[in-house]
Amino acid sequence: MSTADMSSAELATYNFAYLDEQTKRMIRRAILKAIAIPGYQVPFASREMPMPYGWGTGGVQVTAAILGPQDVLKVIDQGADDTTNAVSIRAFFQKVANVAVTTKTREATIIQTRHRIPEEKLTEGQTLVYQVPIPEPLRFLEPRETETRKMHALEEYGLMHVKLYEDIARNGHIATTYAYPVKVEGRYVMDPSPTPKFDNPKMHMSEALQLFGAGREKRIYAVPPYTEVVSLDFEDHPFEIQSFDKPCALCGAENVYLDEVVLDDKGGRMFVCSDTDHCEDRCAHGHRGHLAYNKEAAE
Amino acid sequence: MATPLVVSEVAKSFTMHLRDGIRLPVMSNVSFSVKAGECVVLGGPSGIGKSSLLKMVYGNYAVDSGQILIEHGGRLLDLAVADPRTILSVRRATLGYVSQFLRTVPRVAAVDVVAEPLTARGVDAAEARETAEAMLARLNLPRELWQLPPATFSGGEQQRVNIARGFITDHRILLLDEPTASLDAKNRAVVVGMIEEKKAAGVALLGIFHDEDVREKVADRIVDVSAFSPRKSAA
Amino acid sequence: MTDTPLLKVRDISKFYGARIGCQNVSFDLWPGEVLAIVGESGSGKTTLLNCLATRLMPTSGAVEYRMRDGEMRELSRMSEAERRFLMRTDWGFVHQNPADGLRMAVSAGANVGERLMAVGDRHYGKIRETAGDWLRRVEISTDRIDDQPRAFSGGMRQRLQIARNLVTAPRLIFMDEPTGGLDVSVQARLLDLLRGLVQDLGLSAIIVTHDLAVARLLSHRMMVMKDGLVIEQGLTDRVLDDPREAYTQLLVSSILQV
């Protein structure tokens, strides 16, 4: 038997995109409901996936439920296409759905993400699928699920500001930098998953559909295109995104989210785009940061 | 002359449930009245029920039957059947009481204890304090005690705080339960003076005074409580 | 005092299966009035309090409350949203154990500020200032504003709980053994504080206590409960000084004299 025959025989043991059709249907129903009630956490019968919780089982199930043979999939982990989590999930869908994959943001129809929103503006027709560890923004202040559900139902969100108050009281400013709570369409308070608050403004009135899947917690929620997403704040401590002193060391981009990279054990470090596709794209178009030249010289 | 307080055919007994439910008649057919500007003194041997009678008039003790008519806010009402809220409003505005002992409230300064009946009626706190200080000064309570809670005061000092508190308002009826009991001659004289002023202002006073000297000075009339007591008929 | 009661209670009964929690309790509570409910453990006083405060659904009977707009509303007919709104704005509930009424892992300032934020206050500086004012009023030094109640003594926690409840200027406060579990000297301080606040703010309050001294000091009127029934009620000093019922006489005669 040839290698090609082996893999087609293996593929035959999986339904398209791993999940069976009934499960996909159940998840799609949850997704539709989530889209109909922006920011509301819809319970769903999360399945066991062939990867551990915490590795994006929620996002994977959402992606599996919406993926079609014509889709082009991009998977990122903290902005990068080449980290373990991103690589394995991409390989998973190549194997079980045989779909086209890409690292280019603008080419993708579905982007599954862990903790970042791409720098490039998403457009109509694209869907961003978030992997969510803890969907309940009120969890750390009110551990009772019965109570937090009631609070959502009755729109009792004073507690959310208690959290921000504590932040300011302790640090002099709102020190929450990721998973920064937002109010969706003036109604539900939502956890945007642990994306940096830098990305919060991108969610507001986004042209793309945003879906959130929490596998362990069995919740799906959504932000439909062109939906208001407002970060919570105080009048005298308004919401602010992170800013960086320097541009990206490789591509020279400004007003993007940067990762710190340690270069040696003598304290050397550089700040580079967290979105690797964005960075490479800029480099290809001739943009240069202050460390990029050295890199090329070394090569 | 107006008669702000009329007690009519009042009867009172105690049922002692802890002693097999025996019923102790305290008094019956109590009838008397106090006119404005008059000081009526309850007389009779000790233990006859003078203090109990005063407590009935104040609403502190319930009565079995009869009426206690009081002129309150331009109306006549029967305290014997009034609800708690009415009794409280009568006490706040019309009916004052100087008890024998001061029931101290923890941590409240003497001057505030005295001022409280005024502030409870809505008088400005600073003004009430000023009036309270004047009362305490008149009763010769050492100035250094004014800001202290009266719990640790001597009997005479507590009594003076109590008197100041009772006399500070312009209540139309004032009940006095041995206000001069633990006072020296000088302060007794002050109290006698204060009672005279109340009388002149048209207040109806009903009191118990064991001190014969004080009683003779202030009493317009003596009502003999033993006339209402069952013990008298038993004797 | 206005001429309509704040709370009208009619024939409230609560049964736990065949057992009686409380039975046929009726009374009116007027603005500015403090009512003490006394009785021994198991007499039904806490059950009654919880029925009044909508923390328990009574088996029968009705509780009406006069809203800020003057309208009398029956509590059981209000939506849960309305009831919860009422509870965090116009009402307060002081638990015996402060940990039940506080967020122990959140600073004192945020504990006091929570109700303000819940009703829409969004100015950090003003919320903090108000919280500071209230801490002062309950005699907690403002330099403790960022400390968690975990670091507070029992008396301080109880005072913090009171501040947290009073910050929205409620008109009615429910208290369940507010001085229980505190040292005598701490109790005295708390009682005095409560007394002052109730007087200054013109609060109405319903206080459940087994301590007659607490009832004497704080309440205008009291109800004595036994086996789920109100056996005697009236002016506080009259019930305590001239108790009519056998059980009340027993209660009053059981107080230790110091």
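Across the interface of chain C and chain A, 13 residue pairs are in polar contact, both residues being at pLDDT 80 or more; a polar contact here is a pair of N or O atoms within 3.5 Å, where within protein one must be able to donate a hydrogen and the other to accept it, and where residues adjacent in sequence count only if both atoms are side-chain atoms. This is a predicted model, in which local features need pLDDT of at least 70 and side-chain atom pairs count only at pLDDT 80 or more, while totals for chains, interfaces and linings use all residues. Residues are numbered from 1 along each chain as its sequence is written, chains are lettered from A and ligands numbered from 1 in the order in which they are written, and side-chain values use heavy atoms, with hydrogens and water left out.

On the side of chain C that touches chain A, helix H2 (80–89), helix H4 (108–118) and helix H5 (124–137) each supply at least two residues, helices (H or I, at least four residues) and strands (E, at least two) being DSSP runs numbered from the N terminus. The largest share of this side, 5 residues, comes from H4(C). By class, the side divides into 9 nonpolar, 5 polar and 8 charged residues, where Ala, Val, Leu, Ile, Met, Phe, Trp, Tyr, Cys and Pro count as nonpolar, Asp, Glu, Lys and Arg as charged, and the others, Gly among them, as polar.

Counting by contact (heavy atoms within 4.5 Å), 22 residues of chain C meet 21 residues of chain A. Together these two chains bury about 1900 Å², with 56% of it on carbon and sulfur atoms; buried area is the accessible area (1.4 Å probe) that two parts lose on being put together, summed over both. Between chain C and chain A there are 5 salt bridges, each a side-chain nitrogen of Lys or Arg within 4 Å of a carboxyl oxygen of Asp or Glu. One of them joins the side chains of Lys150(A) and Glu80(C), at 3.1 Å from N to O.

Turning to chain B, 28 residues of chain C are in contact with 24 residues of chain B, and the area buried between them is about 2300 Å², of which carbon and sulfur atoms give 51%. The salt bridges here number 6, including that of Asp242(C) with Lys12(B), whose closest N and O atoms are 2.5 Å apart. On the side of chain C that touches chain B, H7(C) gives the most, with 6 residues, and the classes are 8 nonpolar, 6 polar and 14 charged.
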